[in-house]
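These are my notebook entries on a structure that I had not looked at before. I put down what I looked up, one topic at a time.

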Amino acid sequence: MNTEKENRPSLRPAIGEEDFASFREKGLYYVDKTVCLNYLFEWVHRPMLLRPRRFGKTLMLSTIRHFLELSYEKPGDTSRQQELFRGLRVMEDSEFCEKHMGQHPVLSLSFRDVDGLTFDEAYGSLAGKISDLVKDFLWLDGPELSKYERDPLQRLADREYMGTSDARGYAGFSLSFLSRLLVERFGESHRTVILIDDFDVPLRNAAAHGYYRQMCTFLGGMFGRVVKTNSDIEKVILAGCLMNTDGEFLEGINNMEDDTVMTQSRSLSAAFGFTPDEVKAMFEYCGFGNCYETARSRFGFYSIGGQELFCPWDICSYINELSRAEDPCSLNPGPYWAMTGIRRIIAEQMPHLTPKDSDRIEKLISGKSVRLEADIGIRYNYLSGDCPNSYVFWDILLHEGYLTLAGRESYNEVDVRIPNEAITGYFRREIESYYEGAVSDEFRNNAVIFTEALLSGDMRKANISLDDLLRGFVSLKEPMSAASAESYSREFMERVLSAAGRNISNLRFGSGPADITFSSADGARTVVIGIECVPDSGNWLDNLLNHAVKKSEENGYAGALSNEYSGSVLQCGIAFRNRDCAVAIRELHPEPRQK
């Protein structure tokens with residue numbers, strides 16, 4: 001990189017810039033990933049690049065396009081590529097550059113915005129993108145085309161027509177059709193390259209809106225025409241976050257070579273995301289070298305193919321904020337990447353957690369790793385519904401960047417962890433928002449049912465609702481793996497009572513632990529909760545429950561409570577053994593207060 005002052009790139013990295021040519025022409029700071037182009041083109045036949053959002057997939061596809069794209073007016077002229085890629089690592093490979101640089105027509109599409117409440121709406125959005133692409137190639141029309149080639153070309157460029165149901169057949173074969181016309185014009189030595197960014201977005205939106213099967217069938221057929229053996233096409237590259245493993249769609253892409261966050265190869269691991277050396281160099285260049293360790297603990301420690309990585313969005317956002325700060329050393333960086341997500345993945349899953357899921361989340365938040373059976377993708381229709389699949393939940397967290405690999409027992413059996421402080425904060429915020437009712441009322445509703453059951457002395461209902469509450473509870477103060485059983489159980493009970501809107505207080509008699517109390521709205525009834533708990537190897541719940549209830553007699557609670565409450569008092573014993581629990585209730589009749 002030229003370091004003369006007048007030619008130095010901007011000291012502030014570009015946020016949201018995704019076009020390679022803009023980086024080079026505007027003199028923006030560019031992290032050179034071009035060394036990966038050779039591997040992508042020479043060693044991978046049909047690459048499917050799967051990485052979390054904001055990790056640089058779109059910029060990589062733009063880089064590929066600008067490197068490969070043929071000059072349609074002057075075939076063989078590579079002067080633009082020579083200028084754009086001057087000084088970059090790919091230029092050191094002269095044999096690869098001579099073979100591919102500026103030698104291929106490129107069809108580039110992004111499905112990022114393809115959405116709609118119905119399939120017709122979503123198809124119309126997708127068809128519009130195809131039509132806009134075809135318009136850029138209307139110069140192919142001419143006397144050398146037959147009527148059977150000219151008519152489809154004109155129809156494909158007609159945006160209004162392409163939005164109709166009659167045009168779906170044309171849309172399905174549009175990319176393979178254009179590829180054939182381009183090869184006819186420029187010859188077999190200049191076969192077409194197809195780049196599709198965010199290929200998974202239409203399917204995910206379809207799953208959310210109820211037309212998944214239609215979109216799955218349409219895209220499976222469309223991709224199948226270009227991914228399967230096709231002599232007009234040199235390369236097809238798909239980029240997205242999560243692979244769909246549904247049969248109809250998978251049939252269309254079953255010979256793609258996926259490269260995911262679970263890869264064991266380092267060949268493309270550094271192609272997406274920033275390595276520690278790249279981040280250090282950027283911080284030094286921008287004058288913030290002393291902030292690197294803060295950036296690493298806050299945003300680093302993703303692991304892909306054994307390579308430590310940072311999310312580019314986090315690093316660029318942090319440096320931009322540092323450049324505006326009056327005192328950069330005191331700046332506490334925000335959760336930049338974690339706040340760009342739309343789906344509330346964790347909070348949405350909270351009502352459906354199994355006890356095993358809850359234990360896993362607690363361990364992850366405490367800094368530990370957990371073992372999962374993970375897959376390279378999921379069936380997208382599992383993303384919708386009232387009761388998501390537990391395996392899908394963990395696969396989404398892993399592939400979307402909320403978890404990262406910590407080890408591997410076998411290909412599918414992996415150890416995962418939360419990568420850094422920023423994502424740990426995201427977990428905490430999502431869980432907190434659930435308990436506060438920002439996402440789901442289920443926890444609060446169960447908490448109300450439980451407390452009403454206690455006030456009415458209904459042990460059966462109290463036991464059922466308490467079991468539902470505990471099985472999906474996640475501790476934020478002291479995870480089960482680190483806390484004493486009593487501390488954990490008290491946190492849980494206080495959160496339940498708070499969610500139910502009960503005003504709670506603590507009562508202590510003698511040297512034992514304080515009990516938790518709350519009263520009915522009219523003050524006529526008060527519940528006093530005593531908690532007992534043991535580890536797995538301890539006594540059975542029945543013994544614990546008896547002990548919790550008898551505490552009132554041993555400590556003279558009945559007499560003491562008569563001085564505190566004028567109404568009826570219910571003594572409640574709750575016994576815990578990890579996520580097993582039981583409730584016993586009995587009504588006390590303290591003597592009337594002395595006048």
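Before turning to the sheet, I note that two strands count as paired if DSSP finds at least two bridges between them. I also note that I am reading a predicted model.

**Entry 1: a three-stranded sheet.** I looked up the strand order of an open sheet of 3 strands and found S9-S12-S11, with antiparallel pairing. Strand S9 (370-373) and strand S11 (404-408) stand at the edges, and because each has a single partner strand, one side of each is left without a neighbour in the sheet. From one strand to the next, the twist averages 45°. For the pairing of S11 with strand S12 (residues 413-417), I found the antiparallel sense and 4 bridges, and I noted that Gly407 stands opposite Asp415 in S12.

I then asked which helices lie across these strands. Helix H17 (residues 355-365) lies across S9 and S12 and runs at about 130° to S9, while helix H18 (residues 390-399) lies across S9, S11 and S12 and runs at about 110° to S9.

**Entry 2: the chain as a whole.** I looked up the elements of the protein chain and found 24 helices and 17 strands. The chain has 595 residues, of which 54% are buried. Of the contacts between residues at least 6 apart in sequence, 72% join residues at least 24 apart. The protein chain exposes about 25900 Å², and carbon and sulfur atoms supply 46% of that area.

**Entry 3: the largest nonpolar core.** Which residues touch the most other members of this core? I found Phe427, Met493 and Ile529, in a core of 183 residues. Helix H11 (residues 212-227) gives the core its largest share, 9 residues.

**Entry 4: a hairpin.** I looked up strand S16 (residues 568-577) and strand S17 (residues 580-588), which run antiparallel and are joined by 9 bridges. The two strands form a hairpin with 2 residues between them, and Asn578 in the turn has a positive phi of about 55°.

Entry 5: Not counting residues up to four places away in sequence, Arg495 touches Glu432, Tyr435, Phe443, Phe473 and Leu476.

Entry 6: Arg54 has a positive phi of about 70° although it is not a glycine, and its place is in the loop between strand S1 (47-50) and helix H3 (57-68). At a relative accessible area of 36%, Arg54 is partly exposed. Phe301 also has a positive phi of about 70°, and I found it in the loop between helix H14 (292-299) and strand S7 (302-304). Phe301 counts as partly exposed, at 28% relative accessibility.

**Entry 7: cysteines.** How many disulfides does the structure hold? I found 0. Cys97 counts as buried at 7% relative accessibility, and Cys216 is buried at 0%.

Terms used
Residues numbered from 1 in each chain as written. Predicted model: local features only at pLDDT ≥ 70, side-chain atom pairs only at ≥ 80, totals over all residues. Heavy atoms only, no water. Disulfide = S-S within 2.5 Å. Buried < 20%, exposed > 50% of the residue type's maximum accessible area, 1.4 Å probe, protein only. Contact = heavy atoms within 4.5 Å. Areas by Shrake-Rupley, 256 points an atom, 1.4 Å probe, with all protein chains shown as cover. Axes fitted to C-alpha atoms, helices over the stretch in contact; angles between N-to-C directions. Core = buried A, V, L, I, M, F, W, Y, C linked by side-chain atoms within 4.5 Å.
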